[in-house]
Amino acid sequence: MIEASVTVKFSLDEVCEIAELPTEVLITIVEEGVLEPSGESPEEWRFDSTMLSIAKRAARLHRDFEIEWTGIPFYLDMIEELEKLRAENRTLRQRLNRFLLK
Amino acid sequence: MDFKDYYKILGVEPDADLKAIKTAYRRLARKYHPDVSEDKDAEAKFKDIAEAYAALKDPEKRAEYDELRKYGQHGQRFEPPPDWQSSFQHDDDFSDFFESIFGSRGPRAGRQQYTQRETHFNLRGQDIETELPIFLEETLADERKTISYHLPHYDKEGRRLADIKKTLNVKIPKGVSEGERIRLKGQGGPGIGTGASGDLYLHIRLVPHPLFDVEGHNLTITVPISPWEAVLGTKVEVPTLSGSINLTLPPNSQTGKRLRIKGKGLPSKTGSGDLYAVVKIVIPERSDEETKKIWESLSKKIKFNPRSEWSKT
């Protein structure tokens with residue numbers, strides 16, 4: 001039995017190593033508010049698994065779309081927004097269907 | 001192994017210039033990249049597209065590929081000529097076809113640790129992400145789940161071997177939510193040489209429920225009631241994820257009226273969401289003569305304009 005933990009936290013260095021992301025890029029992503037780790041200073045920042053996953057996405061976007069690092073926070077934000085809207089759309093559609101006759 | 005026509009995959013002519021190839025790649029990538037696409041085959045499609053682009057964007061690789069293309073046709077079985085040799089090494093997880101032409105997966109810059117013999121290297125295994133559908137009921141407490149997935153696997157020269165099928169028994173913690181990722185360290189692809197294993201990421205997806213709609217940690221249930229229940233008020237037995245409860249509906253409850261049932265939503269790290277009961281007035285499918293008469297007498301006796309809103313404009 002493997003315990004799937006969502007509370008494991010990662011430091012700045014760990015996230016950069018696992019996600020293959022330059023340190024200054026991750027710092028910018030946090031400074032621009034795309035990821036919000038706990039802790040005050042970069043040395044104290046702690047990221048959860050979901051944030052780590054988004055950091056990995058940053059590396060993918062840079063590689064697959066040849067997006068400059070400086071543009072990455074913007075794209076991460078847009079994709080997050082897109083996912084949020086899609087989820088909201090799914091929920092609203094499901095709600096609406098409860099009131100419409102088939 | 002089937003021949004892959006990279007020009008066909010990118011939808012370009014065999015004499016397309018680099019700019020056209022790049023444009024085609026970027027257009028397809030926007031459509032099928034797993035980070036943005038909703039297509040259920042996005043991952044496989046994007047892999048083909050990325051592979052085609054990797055082969056065609058590099059003039060030397062493209063020249064080698066064009067040479068081989070004389071012998072193969074898209075989708076047909078293909079073996080490279082026995083004396084075929086390529087000087088390339090690459091760092092991505094591409095198909096057997098790609099590897100048969102351009103050589104096997106090579107050491108990744110910044111990650112590899114060469115041993116004395118140059119052909120042997122150590123490489124961290126691949127990270128794998130897989131979607132894990134979870135029923136709402138399963139988020140109420142720690143839940144045991146058996147998951148199966150396939151791991152890519154390479155020998156120490158970097159040649160791709162058959163995928164390993166892996167089954168894990170995982171304890172999913174109480175209160176996981178839609179979109180959350182859970183990392184299982186070391187459960188991804190095996191490393192090459194002494195390289196560490198990659199990680200497995202479980203991407204939590206909540207399965208749509210026949211009764212409950214999810215909004216964050218709150219749930220909504222639609223409560224169908226009769227017109228007379230709506231007017232007179234009633235007690236309704238409302239199902240929740242953990243047993244049913246009795247809800248008192250006040251008189252004159254309109255369609256759309258929302259009643260909060262505290263703490264009966266989904267659990268979260270900080271407590272519990274709420275369940276909202278939303279009223280929906282329904283009428284009988286059919287009415288017999290006697291019922292019709294009752295409705296008729298109602299319509300004569302009650303002064304009510306349901307469209308009073310309209311006259312305001």
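1. A contact here means heavy atoms within 4.5 Å. By that criterion, among the contacts in chain B between residues at least 6 apart in sequence, 56% join residues at least 24 apart. The structure under review is a predicted model.

2. The secondary structure of chain B consists of eight helices and 15 strands. Chain B has 313 residues, of which 42% count as buried. Its accessible surface amounts to about 18300 Å², and carbon and sulfur atoms account for 50% of that area.

3. In chain A, attention may turn to one residue of a helix. A:Ile54 is located in helix α3. Is A:Ile54 buried or exposed? The relative accessible area of A:Ile54 is 13%, and the residue is therefore classed as buried, the limit being under 20%.

4. Leaving aside residues up to four places away in sequence, A:Ile54 touches A:Leu35 and A:Leu76. A:Leu76 stands 22 residues from A:Ile54 along the chain, and the C-alpha atoms of the two are separated by 7.7 Å.

5. Chain A also carries a charged feature. Which residues form the negative surface patch? The patch is made up of A:Glu31, A:Glu32, A:Glu36, A:Asp77 and A:Glu80.

6. With a relative accessible area of 63%, A:Glu36 is exposed, because the class requires over 50%. A:Ile54, by contrast, is buried.

Technical notes: Residues are numbered from 1 along each chain as its sequence is written. Chains are lettered from A and ligands numbered from 1 in the order in which they are written. This is a predicted model: local features need pLDDT of at least 70, side-chain atom pairs count only at pLDDT 80 or more; totals for chains, interfaces and linings use all residues. Side-chain values use heavy atoms; hydrogens and water are left out. Helices (H or I, at least four residues) and strands (E, at least two) are DSSP runs, numbered from the N terminus. Buried means under 20% relative accessible area, exposed over 50%, partly exposed in between (1.4 Å probe, protein chains only). Accessible areas come from the Shrake-Rupley method with a 1.4 Å probe; for residues, only the protein chains shown count as cover. Patches are made of residues with over 30% relative accessible area and no salt bridge: like charges are joined within 9 Å, nonpolar side chains (Val, Leu, Ile, Met, Phe, Trp, Tyr) within 5 Å. A salt bridge is a side-chain nitrogen of Lys or Arg within 4 Å of a carboxyl oxygen of Asp or Glu. Lys and Arg count as positive and Asp and Glu as negative; His and the chain ends are not counted. The place of a charge is taken as NZ of Lys, CZ of Arg, CG of Asp or CD of Glu.
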